[in-house]
Amino acid sequence: MRKLLERFNLNKIKDYVFQKEIGGGNMSATAMYKNSEGEHVLVKFLLYPRNKFELDRFYQEVSSMKKILSINPDACIPKLITEVVQIEDTQIYYFMMEYIDGIPLSNIIDSSSEILTNINIARIMRDLTSIVCDSLSSGILHKDIHPGNILICNNETNDYKSLVLLDFGVSEYWWKSHCMGSVEDAFRHIGAVSAWSPEFIENPKEISVSHDIWGLGVLFYRLITKGWPLSSESFGEYMNKIRGNILAELALDQIEDKYFCYILRRCFERNPWHRITSANLYKILNDYVSGRIEIISKNEQIFEMYKNYDGDLWVCTRCMQVTHPTGNMCTKCGNRDDEYLPLEYCINFG
Ligand SMILES: Nc1ncnc2c1ncn2[C@@H]1O[C@H](COP(=O)(O)OP(=O)(O)O)[C@@H](O)[C@H]1O
Ligand SMILES: [Mg+2]
């Protein structure tokens, strides 16, 4: 790559000087550059795309990031510094983004790092779910959520503080694909096989945010067990297992934390319409992180309800009981009301 950069005079881009190569695949490469003020940036290159789809994907990557950042400028993804730029008279393209000083989550899983305590796993999952929520509100599906695309930010305490989700290289504008039914290249850039959901295998054009929730489930499983949810001898067998009853395949009984088991079950719900929503996933992970779940789980009956409704519980203003109102109706006393109170009114969170 160094030679290629020299050949095209890319040792320096604007005020930034090449420092080191970071990653490189067939057609893409990433490198760190630095300016005279010591600011680092990450440059992602697309080298000689083989066709229009690959080029479109590169533009889509920047467009997806832009959409998310326009909805939430603080979303935990790298900030963009440039649009896609084509090097004159070549088939080399690049864009620049903020350089994130961090360690890939894949390295952390593979090492015997002490960061992966239960509470940190829940924090990591909550923060990723929050990015999925940000993406959803911009109509973007990431489609490639795996540990190599997540950087755990470095900090002095060597504990978990924050993360950044990278690589929107196979992301898709979901609303467009749904409204216009035109993801011609749906089969071309498909992301890591480990993140494929049953509905994606059935029809990659018919996916929604639930597909990313499945990817989060796989990641969650990896963080807890350091293993993979499924193993198989062949690709065909693997596909069949995903199509089949994955919950029967998973060794969930061996997972000690029963709350984690419940979350995994909800992420691996085969029917995407019944799978847990990103909003509820965020809420229940946050209840774990904040210690609320410890208090809720002391009341067995309410805890059962909590799991049945993925944490979507309220307090009725008439009977003051915990309920999951359907069509504005309290399931306990039948009262119809627009206003329900938060759980705090019934359970003492101290
Ligand atoms: N903004 C960034 N800051 C720091 N490192 C990054 C950044 N973006 C990517 N990387 C590193 O480069 C690697 C490849 O980038 P990625 O966008 O995942 O490209 P690819 O499409 O080749 O998978 C990542 O796994 C990560 O280690
Ligand atoms: Mg990647």
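**Close-up views of the predicted model**

**Figure 1. Composition of the shell around ligand 1.** The shell around ligand 1 comprises eight nonpolar, seven polar and three charged residues. The model shown here and in the following views is predicted. Among the 18 residues around ligand 1, those that come nearest are G23, L42, P78, I100 and D167. Four strands, β2 (16-24), β3 (28-34), β4 (40-47) and β6 (92-98), each contribute at least two residues to this shell. Because domain 1 (2-98) and domain 2 (102-290) both give residues to the shell, ligand 1 lies between them.

**Figure 2. Domain 1 and domain 2 where they meet.** The domain assignment of the protein lists domain 1 (2-98), domain 2 (102-290) and domain 3 (294-349). Between the C-alpha centres of domain 1 and domain 2 the distance is 26 Å. On the side of domain 1, 14 residues are in contact with 18 residues of domain 2. The residues of domain 1 on the side that touches domain 2 are divided into eight nonpolar, three polar and three charged. Ligand 1 also belongs to this view: its shell draws residues from both domains, so the ligand is placed between them.

**Figure 3. Strand β6 and its partners.** Strand β6 is largely enclosed by the rest of the structure, because five of its seven residues are buried; a residue counts as buried if 20 or more other C-beta atoms lie within 10 Å of its own. Strand β4 pairs with β6 in the antiparallel sense over seven bridges, and L47 stands opposite I92 in β6. Strand β5 (residues 85-86) is also antiparallel to β6, to which two bridges join it. Here Q86 has Y93 of β6 as its bridge partner. Both β4 and β6 are also among the strands that each supply at least two residues of the shell around ligand 1.

**Figure 4. The hairpin of β5 and β6.** Five residues lie between the two strands of this hairpin, and D89 takes a positive phi near 60° there. D89 is located in the loop between β5 and β6. The positive phi of D89 occurs in a residue other than glycine. D89 counts as exposed because it has 7 C-beta neighbours inside 10 Å, and the limit for an exposed residue is 12 or fewer.

**Figure 5. N9 in the loop between α1 and β1.** N9 lies in the loop that runs between α1 (2-7) and β1 (12-13). Although N9 is not a glycine, its phi is positive, at about 60°. The residue N9 is exposed, since 9 other C-beta atoms are found within 10 Å.

**Figure 6. The open sheet of β7, β9 and β10.** Three strands make up this open sheet, in the order β7-β9-β10, with antiparallel pairing. Its edge strands, β7 (102-104) and β10 (163-165), each pair on one side only. On average, neighbouring strands of the sheet are turned by 30° against each other, with direction ignored. Strand β9 (residues 150-153) runs antiparallel to β10 and is joined to it by three bridges. Within this pair of strands, I152 stands opposite L163 in β10.

Terms used: Residues are numbered from 1 along each chain as its sequence is written. Chains are lettered from A and ligands numbered from 1 in the order in which they are written. This is a predicted model: local features need pLDDT of at least 70, side-chain atom pairs count only at pLDDT 80 or more; totals for chains, interfaces and linings use all residues. Two strands pair if DSSP finds at least two bridges between them. Axes are lines fitted to C-alpha atoms, for helices over the stretch in contact, and angles run from 0 to 180 degrees between N-to-C directions. A residue is near a molecule or strand if its C-beta atom, placed from the backbone, lies within 6 Å of it. Ala, Val, Leu, Ile, Met, Phe, Trp, Tyr, Cys and Pro count as nonpolar, Asp, Glu, Lys and Arg as charged, and the others, Gly among them, as polar. Domain bounds come from an automatic or database domain assignment. Two residues are in contact if their C-beta atoms, placed from the backbone, lie within 7 Å.
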